[in-house]
Amino acid sequence: MNDGPYLVLVVLGVLATGLVAGVFCGFSTFVMRGLAALPPAQGVAAMNAINVAAVAPAFMILFLGSAVLCAVIAVVTFVLWPNDGKVELLLGSALYLFGAFGLTVVANVPRNETLQRLDPGTAEAAAYWPAYIREWTFWNHLRAVASAAAALVYALALT
C-alpha cells in the first residue's frame, strides 16, 4: 500500500475528511455561537442564507466528493486490499459515510428545511430558533468528530 493508486486514494481520503472536519468544527465552535448571539429574526435569516450558500459547488464538491471517495475506498478495500490496514480503511469509510454524510441527511438537513420554511420575523421562528441552534449544533459536533475520526483512522492505515 506504500505506493500506487491505493496510496493516493487514502491520502486523498485523509485530506478530504480532514477538510470536512474543519468546516464542521468551525461551524460548531464559532459560527453557530455567533448566530445564537443574534436576535432570533436575524439569526434565522442569516442561517437560512448560509444554508442556501452551502449548496454551492465549492462545499458540495468537498462534502459529496468525500462521500464518493470514502465509498470507493471501502469498495476497493473490501474487494482488493491486502489485510494490512483493511480494518482501519473500512472503519474510516464507515465513520464518514454514516457519521458525517448520514447524519447530515437524517439530522441537519431536516432541521435546515424546517427553518427555511419559517418567516424569520414570526413568533414561530423565534420559538423554534433556540431548539434549532441546540439540536443542529449537537448533530454538527458529531459530524465534526466523525469526520476527524475518519481522517485519523485513514492516516493510521498508512502506517
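Colleague: Is Cys25 buried, partly exposed or exposed?
Modeller: This is a predicted model, where local features need pLDDT of at least 70, side-chain atom pairs count only at pLDDT 80 or more, and totals for chains, interfaces and linings use all residues. Residues are numbered from 1 along each chain as its sequence is written, and side-chain values use heavy atoms, with hydrogens and water left out. Buried means under 20% relative accessible area, exposed over 50%, and partly exposed in between (1.4 Å probe, protein chains only). Cys25 has a relative accessible area of 40%, so Cys25 is partly exposed.

Colleague: And Cys70, buried or exposed?
Modeller: The relative accessible area of Cys70 is 1%. Cys70 is therefore buried.

Colleague: How many disulfides are there?
Modeller: A disulfide is a pair of cysteine sulfur atoms within 2.5 Å. The sulfur of Cys70 has its closest cysteine sulfur in Cys25, 18 Å away, so the two are too far apart for a bond. The count of disulfides is 0.

Colleague: What is the orientation of H2 and H4 to each other?
Modeller: Helices are DSSP runs (H or I, at least four residues), numbered from the N terminus. Helix H2 (residues 40-54) packs on helix H4 (residues 86-116) at about 125°, with axes 10 Å apart. Angles under 35 degrees count as roughly parallel, over 145 as roughly antiparallel, 65 to 115 as roughly perpendicular and the rest as oblique. H2 and H4 are therefore oblique.

Colleague: Which residues of H4 make the contact with H2?
Modeller: Contact means heavy atoms within 4.5 Å. H2 contributes Val44, Met47, Asn48, Asn51 and Val52. From H4 come Asn112, Leu115 and Gln116.

Note on methods: Axes are lines fitted to C-alpha atoms, for helices over the stretch in contact, and angles run from 0 to 180 degrees between N-to-C directions. Helices (H or I, at least four residues) and strands (E, at least two) are DSSP runs, numbered from the N terminus.
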